[in-house]
Amino acid sequence: MSFSHVLDDLELKDHIQLLDSLPVGMGIVETNGTIRFINKAFAEMLGRSAKEMVGMHQSSLHPENGESKNTFAQHIEALVKGEIISLEAEVLRADGEIIPVEITANTVLWRGESLVVGIFKQITKRKEALALLQASQREMNAIFETSQVGIMLVDADRMIVRCNQRMCDLFGAKSLDELVGQPVRTIHVSEETYVEFGQRYFFSLVKNRAMHIEYQFKRLDGSIFWGRISGKAMDDHVPADLSKGVIWVLDDISEMKAVEHDLTVERNLFAGGPTVILKWAPYEGWPIIYVSKNVETILGYTSEEMMSPKCSFEKLIHPHDFPGAKKILEDSLFGQYKHFELSYRLKTKSGEYRNFYDYNQAEYHPNGEVKELYGYLVDMTEYFEVQKMSDLLLKSTTEGIFGIDLQGRTTFVNPAALQMLGYEESELLGHQNHSLIHHSDAAGHEIPMKDCQMSLPIKTRSDYHVTDEVLWRKDGTYFPIEYWSTPIRQDGQVVGSVVTFKDISEIVAQKQKISDLAYFDNLTGLPNRQMFFDALKEELIRERDSSHRAVMLLLDLDHFKEINDSLGHPIGDKLLLAVISRIRRKLHEKDVFARMGGDEFGILLSHNTGGIEAECVADSIVALFNDTFDIEGHEVKTSVSVGIVFCDPSKTRNEMISEADTALYHAKSSGRSCAVFFEPSMLDKVHRDVTLFGALSHAIEHQEFELYYQLQYDPNTKQPAGAEALIRWPKAPEAVRDFNSPADFIPIAERRNLIQALCLWEIEQVAKDLPLLRAVGYEHRISINLSGKQLASSEDMGQLLKAIQDSDLAFTDLEFEITETAFAELSEEVQKLLDVFIRNGAELAIDDFGTGFSSLAVLRQLKSTYLKIDKQFIDHVHSNADDYAIVAATISMSKALGKKVVAEGVESEIQLQLLKELNCDLIQGYYFAKPQPLQAVCEQLKNT
């Protein structure tokens with residue numbers, strides 16, 4: 001049927017008038033592509049008359065070279081089958097303008113003929129908005145990708161919800177997943193600093209002030225570092241609503257030296273989000289029939305609240321947005337569209353409005369009424385705030401950031417860059433970047449524009465990291481920088497570069513300072529360990545062609561840690577300076593005197609110094625410490641131990657240092673305050689001591705020791721009157737089986753600071769054993785030996801006091817044995833602690849009496865109940881007149897002072913009878929009982 005015949009059909013005329021009144025563009029096309037009809041709205045969209053378009057081919061609607069020119073031909077087969085086609089394409093206006101449209105096409109049967117009906121909706125604004133959004137995202141991504149600082153978002157619960165890779169690097173996280181989801185308190189040094197940080201800086205965030213703070217943080221492995229952190233609330237209001245989150249920017253400032261940063265920004269930081277499904281009715285109020293459960297997470301309402309009669313879709317939509325949304329809805333339903341889109345702001349339960357994109361799906365009854373209407377709502381707020389986030393980041397970071405376009409002009413610049421460069425924003429934007437701030441190097445030599453590595457990414461598409469260039473301020477001065485220059489890409493094309501830089505003036509200065517101090521100790525001014533090593537190396541090389549041998553001394557101050565702990569590090573530092581002043585007087589100008597670290601020093605004596613002279617020098621240095629040091633009114637007493645070794649050109653410097661260290665170790669093991677030459681045999685002893693130390697540490701950790709008891713007897717009644725607890729190591733490993741006697745392992749335990757752990761174990765074991773001893777009739781105290789090492793430490797004695805108080809033992813159950821030498825060296829603080837033991841009921845015994853530096857005055861001062869006469873005097877008491885006289889005098893003096901006497905090492909009847917005659921109070925020795933395990937002692941007590 002021809003079109004003229006159609007016009008004669010009055011019924012068709014009525015239909016045409018109806019279609020012309022529709023607000024959307026519509027066209028009717030034959031299956032061969034010939035245009036049969038175009039309504040008024042579509043003709044206006046094309047800028048043509050409907051009459052001139054009728055009879056033309058549909059391809060004339062589209063641009064000549066456009067991708068949508070053959071769209072009709074591609075889809076005609078599906079249309080003929082009755083399928084509905086929905087797609088985006090372009091149409092050509094009469095004036096040549098190309099307009100993006102959304103086409104929905106379907107076939108209808110009119111008087112036996114199939115015709116294609118197309119609905120054309122202009123989507124220019126949607127395309128423009130999407131392009132702007134994508135451009136903003138690209139700019140933000142470029143900034144994030146090049147930033148060398150850590151960035152994280154923290155929510156209202158102080159949880160890390162998003163961060164970049166640099167933030168993971170700063171905190172030692174292996175992946176984003178390891179840090180995201182962690183509470184902020186995880187990265188604080190302690191709970192106290194976490195609370196302090198909140199109390200100190202929370203107010204600034206609420207007041208919406210940008211923060212720049214230097215603070216200490218903790219990595220996931222527990223190590224601490226200093227960081228400069230900047231924070232800003234996401235909410236722009238004052239006071240700010242922190243429940244909307246806080247953005248933090250963190251830079252590591254713990255080491256003032258160049259650190260290579262490799263930063264990868266999470267590209268989809270703000271992308272995506274949950275979708276809410278909504279079923280609603282398109283009549284008054286738009287009542288909600290169904291809503292998915294996740295609506296509570298997005299809007300704050302429960303699904304029940306959303307579907308209640310008090311709530312409606314209309315009430316949630318922003319009043320300014322509802323009229324436009326309503327019109328699109330009505331037009332879409334009128335046109336029987338199965339799919340259409342809406343955009344509006346929805347009100348959350350908290351009263352905040354958020355931006356949503358709504359993809360709608362409608363189903364209709366045969367009569368045209370709406371059957372079902374669904375909306376798929378996506379929260380787009382974060383997408384729309386991308387530019388806001390980008391600006392916030394640019395303003396918050398402490399790094400300088402600017403962009404360069406294809407012509408080398410500055411496209412954007414952040415406040416940090418402006419502050420460093422001294423320019424106003426208007427003075428840089430749109431101006432040639434290179435000629436203003438990057439034209440020359442530090443020496444004033446011009447940098448050609450073609451070699452400018454800030455702009456090179458535009459040509460090469462590569463990233464550049466530069467650490468040795470400068471930027472020029474507005475006032476003509478320059479400053480050194482480290483910068484990263486990265487290409488900015490748009491639709492696969494490079495459109496510029498973004499430069500991130502930081503001022504490294506302090507780092508350069510620090511490097512220079514480090515270089516200046518590379519070979520000298522900062523405190524003392526002496527050569528440091530490295531310089532000493534270099535001097536030793538040169539000496540060993542020189543001696544290959546000489547018969548002379550230089551001598552190396554390794555010195556270590558004795559008890560320096562105790563001085564530092566008791567008097568403080570400032571006094572310790574001044575003591576070191578005083579020590580150095582004394583030692584220098586004994587050295588020649590050519591001798592190398594170095595601080596090896598802490599309280600250890602090295603001396604390389606001139607090769608003209610022989611062995612005897614070296615020994616004299618070492619002895620004279622040791623003698624320097626006979627006099628105390630007067631440090632700010634403190635009389636400080638210390639000594640020095642010296643290891644001596646001859647330089648051997650056949651050995652490495654490390655071997656020489658090791659041998660000197662071995663000799664030093666031997667000097668300390670020999671009682672300190674002496675000088676010892678290295679001998680190869682010392683290596684065996686050191687090896688033995690190290691092996692024994694390792695085995696002891698393992699034995700303490702796994703409780704491999706056993707407690708023996710040696711009973712003490714009354715010589716008159718021959719009944720038990722006391723017992724001494726003695727540590728034994730019967731299950732020592734094979735490697736140290738030959739050294740498992742207390743005489744071997746106790747000195748090692750004292751030197752290696754294990755004796756306190758052994759004593760605490762002994763207290764614990766006595767607490768377990770004493771009830772069993774009481775059960776078989778034992779009614780006396782248990783004697784426990786205290787080491788001189790413990791008695792030199794108030795901290796150790798305090799721990800011991802607490803261990804007894806925390807145990808089931810009473811102080812009246814215990815007697816502590818200390819040597820008279822240890823007693824003579826007690827500090828005032830430890831004496832006060834021993835008084836606490838005594839006041840609580842414990843007793844003291846002076847062990848090995850007569851072997852130290854005893855005097856009548858000392859004997860009178862000793863606050864003890866018992867004196868124990870050493871076995872060396874008992875062995876010959878019956879055969880040596882001098883020993884008999886010493887024992888007799890000791891017992892007599894002890895009685896006069898009200899103290900009891902215990903004789904150790906009694907092994908014969910004649911010794912027992914003599915001691916009984918001398919009125920000795922207690923007998924201890926093999927004559928009555930050997931040290932035995934608990935079970936054997938219990939059996940002996942039962943049979944007594």
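This is a predicted model: local features need pLDDT of at least 70, side-chain atom pairs count only at pLDDT 80 or more; totals for chains, interfaces and linings use all residues.
The chain contains 37 helices and 36 strands, and of its 944 residues 46% are buried. When contacts between residues at least 6 apart in sequence are considered, 58% of them join residues that are at least 24 apart.

Two packed helices are described by the angle between their axes and by the distance between those axes. For helix 28, which spans residues 755-775, and helix 37, which spans residues 934-942, the angle is about 20° and the axes lie 9 Å apart. Because angles under 35 degrees count as roughly parallel, helix 28 is described as roughly parallel to helix 37. The crossing of helix 28 and helix 37 is right-handed. On the side of helix 28, the contact is made by Asp769, Leu772 and Leu773, while helix 37 contributes Leu934, Val937, Cys938 and Leu941.

The side chains of glutamate 764 and lysine 768 meet with a distance of 3.8 Å from N to O. Glutamate 764 counts as partly exposed at 39% relative accessibility, and lysine 768 likewise counts as partly exposed, at 47%. Elsewhere, salt bridges that share partners join Asp556, Asp558, Lys668 and Arg672 into one network.

Across the whole structure, a search finds 39 salt bridges. One of them is formed by the side chains of aspartate 534 and arginine 653, with a distance of 3.5 Å from N to O. Because aspartate 534 lies in helix 21 (residues 529-542) and arginine 653 lies in helix 25 (residues 653-669), this pair ties together parts that are 119 residues apart in sequence. Aspartate 534 is partly exposed, at 25% relative accessibility, and arginine 653 is also partly exposed, with a relative accessible area of 24%. A further salt bridge links arginine 93 with aspartate 95, where the closest N and O atoms are 3.4 Å apart. Aspartate 95 is exposed, its relative accessible area being 53%.

Glutamine 756 is located in helix 28 and counts as buried, with a relative accessibility of 9%. When neighbours within four places in sequence are left aside, glutamine 756 is in contact with Gln790, Asp796, Gln799 and Leu800.

Serine 497 is found in strand 20, which covers residues 493-503. At 0% relative accessibility serine 497 is buried, because a residue counts as buried when its relative accessible area is under 20%. Serine 497 and isoleucine 458 are separated by 39 residues in sequence, yet their C-alpha atoms are 6.2 Å apart in space. Isoleucine 458 is also among the residues that serine 497 touches when those up to four places away in sequence are not counted. The other residues touched by serine 497 on this count include Phe402, Gly403 and Ile404, together with Met454, Ser455 and Pro457, and also Ser485, Thr486, Pro487 and Ile488.

Note on methods: Residues are numbered from 1 along each chain as its sequence is written. Side-chain values use heavy atoms; hydrogens and water are left out. Axes are lines fitted to C-alpha atoms, for helices over the stretch in contact, and angles run from 0 to 180 degrees between N-to-C directions. Helices (H or I, at least four residues) and strands (E, at least two) are DSSP runs, numbered from the N terminus. Angles under 35 degrees count as roughly parallel, over 145 as roughly antiparallel, 65 to 115 as roughly perpendicular and the rest as oblique. A crossing is left-handed if the near helix is turned anticlockwise from the far one by less than a right angle, and right-handed if clockwise. Contact means heavy atoms within 4.5 Å. A salt bridge is a side-chain nitrogen of Lys or Arg within 4 Å of a carboxyl oxygen of Asp or Glu. Buried means under 20% relative accessible area, exposed over 50%, partly exposed in between (1.4 Å probe, protein chains only).
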